[in-house]
Amino acid sequence: MHIREYQTWLYAYDQARGWDKIAPSHSFMHLIEEVGEIAREVEYVEGYRHAEDPAIVSARLAEELADAATFLFKLAYQCGVDLEDALKANMTKAEQRF
C-alpha cells in the first residue's frame with residue numbers, strides 16, 4: 001500500500017461516516033492522546049513497567065502506533081497536506097542535511 005492510497009481511503013471512510021467534519025484541532029488532540037498511549041506501551045517494551053507477555057505488549061504497541069498514524073493522516077488531509085509528497089521531500093532534506 002502506498003501512503004497516498006491510505007490517505008485517500010481514510011478520507012472516503014471518514015466522509016461516509018460524517019467524521020470528515022471534525023475540526024483539525026480535535027484530530028490533533030486525538031493524535032496526542034494516542035502518542036501518550038504509545039508512551040505507556042514503550043515503558044512495557046523497555047521493562048520500565050512489568051509486562052505480563054511480550055507478545056501482547058508488542059500487539060498493543062502496534063495497535064497504538066497505527067491509531068496515531070491514522071490521526072496523523074487525518075490531520076494531514078484536513079490541512080490539505082499530501083503525506084506521501086511531504087515524506088519524499090523530508091527524505092531529500094534528510095539526505096542533504098546528514
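Trainee: Which helices each supply at least two residues of the lining of the largest pocket?
Mentor: Helices α1 (3–17) and α3 do, a helix being a DSSP run of H or I with at least four residues, numbered from the N terminus. This is a predicted model, in which local features need pLDDT of at least 70 and side-chain atom pairs count only at pLDDT 80 or more, while totals for chains, interfaces and linings use all residues. Residues are numbered from 1 along each chain as its sequence is written, and side-chain values use heavy atoms, with hydrogens and water left out.

Trainee: What makes Trp 9 partly exposed?
Mentor: Its relative accessible area is 44%, and because buried means under 20% and exposed over 50%, with a 1.4 Å probe and protein chains only, a value in between is called partly exposed.

Trainee: Why is the aromatic pair of Tyr 6 and Trp 9 called tilted?
Mentor: The rings lie 5.4 Å centre to centre with 35° between the planes; rings of Phe, Tyr and Trp (its six-membered ring) pair if their centres lie within 6.5 Å, and planes under 30 degrees apart count as stacked, over 60 as edge-to-face and the rest as tilted, so this pair is tilted.

Trainee: Which residues does Leu 10 touch, not counting residues up to four places away in sequence?
Mentor: Leu 10 touches Thr 70, Phe 73, Lys 74 and Tyr 77, contact meaning heavy atoms within 4.5 Å.
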